[in-house]
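Dear colleague,

Please find the structure below, handed over for your use.

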Number of protein chains: 2
Amino acid sequence: MTPEPTADAPTAPRWIAVDWGTTRLRAWAMRGARPVDARASDRGMGRLAPAGFEPALLDLIGDWLPAAGRMRVIACGMAGARGGWAEAEYRAVPCPPIDPRRAIRAPAHDPRLDVRILPGLSQAEPPDVMRGEETQIAGFLAENPGFDGALCLPGTHSKWVRLSQGRVERFRSFMTGEVFSLLVGQSVLRLTIGAARPDPAALAEAGAEALADPHAAQSGLFPLRAAALLQGLAPERAAGRLSGLLIGAELAAARDFWQDGPTAIIGAPDLARLYETLLLAAGAQACHKDGTALVLAGLAAASLDLPEDT
Amino acid sequence: MTPEPTADAPTAPRWIAVDWGTTRLRAWAMRGARPVDARASDRGMGRLAPAGFEPALLDLIGDWLPAAGRMRVIACGMAGARGGWAEAEYRAVPCPPIDPRRAIRAPAHDPRLDVRILPGLSQAEPPDVMRGEETQIAGFLAENPGFDGALCLPGTHSKWVRLSQGRVERFRSFMTGEVFSLLVGQSVLRLTIGAARPDPAALAEAGAEALADPHAAQSGLFPLRAAALLQGLAPERAAGRLSGLLIGAELAAARDFWQDGPTAIIGAPDLARLYETLLLAAGAQACHKDGTALVLAGLAAASLDLPEDT
């Protein structure tokens, strides 16, 4: 059994950082900007009713809380959505990615919990929203304060973000990851692709095709099935071509973000590298950063700006 | 109880026409080119193992068979796919849409059944296949023998077909219908659209946008969710915009089929009219025809060309 932490132990958390997404809940025990412990669960917002958030959090990190006194918890992500723990109203761009004074308090029965949820960002035209990515952006800006360029955050709903002078000027979301999952898992292409991993060469080739021909992602889907039937196209190549067509179409539609100036890609390393490869091949100036480290940096930046007595 | 038909009764079928798709089985009792009865079931190819086809057919039309003697059954569609009743090899374009002499015999235990399945069409480059639509095309050509132009067959997997001198020159398939169903039923857009029917004005507007901007179908999906959250976009308008974006992107990618010469749209009336509206607005010369009547005309044409003793 782990001994109960005492407040003066060198690993006793001073505050708790939480990234609460649709499918996952991740928490870090923090001292200043330094994590001393980390945990995760699959109790994402998508599986929880509003009353379920506090028990899910206590189940995960209850033993990090002091016997007496309060613990500050700073959360970002879907916990602040309508239908989440407590709704944190979006902040409208252009604006800095986070403003800790706009964090809302989430209701908690346990008197030791002092939970603040950071709001997401919204854009009126074209309509768009984000929740969670704004904290990664703040983490990126904390490490790169003078950055002027684009961020790309690939994933279920990819985000492209224009940053200038510490502010999010505009952004655009794409359903690339979700469309890929649906096509592979549920469409007729499941018969061709199954659980195969994308072949990198096929991905690069199809990505270049989709960047050059804006209709390739429409015209190129069913031929994957036909090529498997007629020509024995391998599942890995079909998976690679599908991924390349969809990511290439996203890059083509986001060209105004990356064609001038630097682009930093923030995400899981495997996915970020795919985007980086296609962007570099298209002549963009791109690099990639790990998203987990940045969300923590963003929450730490919020912690600094949120005095204890607020 | 229906009295058993006798061969000389004026409504006794002389042959049976069958359209066996992935989700539906439809059969008609025929005298020449005239249907005297029609039935349908939901036992499509997708739900059947090879040994299940004969029982499914007998359950549906067993009482149309004579007490003694054989009945010709002419089928098209997925019954001829790999994993169907019996595999009918594709015929490669360019070629006339059907060649009844290439129909294959399907194995049957009931001695009264003489089942022939028409092959589908294939194309090597870009790889593509169809099964069932070739029979609708043959039905269209039987009624319009001199037609030189494009056919559009919208649906789960839409087909665009270039016809000239009675032959299919080339064709292209799009997964538009399947992508629409997946996005409405399974993606984050289900929260915005639910079971709403597409608003025609929103559909026309978004279709024109997607025809004018090839990236609209990539960039325009997530904003439907955001507009519902931020601006209360109505579910019917969101459904209409989604449908318009996807159909418009298909039309843009199929422009080489419809930009010169006439286009006949063959399909269910509601869906065919949506395509017709967008095509007419884009300056195309388009009309629509009911698909069910054409599949029957195609099967009747095949029946004429398939002598009894083959």
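Predicted model: local features only at pLDDT ≥ 70, side-chain atom pairs only at ≥ 80, totals over all residues.

Residues are numbered from 1 along each chain as its sequence is written, chains are lettered from A and ligands numbered from 1 in the order in which they are written, and side-chain values use heavy atoms, with hydrogens and water left out.

Chain A has eleven helices and 14 strands (DSSP runs numbered from the N terminus: helices are H or I of at least four residues, strands E of at least two). Its C-alpha atoms fill a box of roughly 70 × 45 × 35 Å along the principal axes. Of its 310 residues, 56% are buried (under 20% relative accessible area, with a 1.4 Å probe and protein chains only).

The domain assignment, which is automatic or from a database, gives domain 1 (15–131) and domain 2 (173–291) in chain A. The C-alpha centres of these two domains lie 32 Å apart.

Ser122(A) belongs to strand 8 (residues 121–123) of chain A. This serine counts as buried because its relative accessibility is 9%. Leaving aside neighbours within four places in sequence, Ser122(A) is in contact with residues including Tyr90(A), Asp128(A), Phe171(A) and, from chain B, Leu230(B) (contact means heavy atoms within 4.5 Å).

Yours sincerely

Conventions. Buried < 20%, exposed > 50% of the residue type's maximum accessible area, 1.4 Å probe, protein only.
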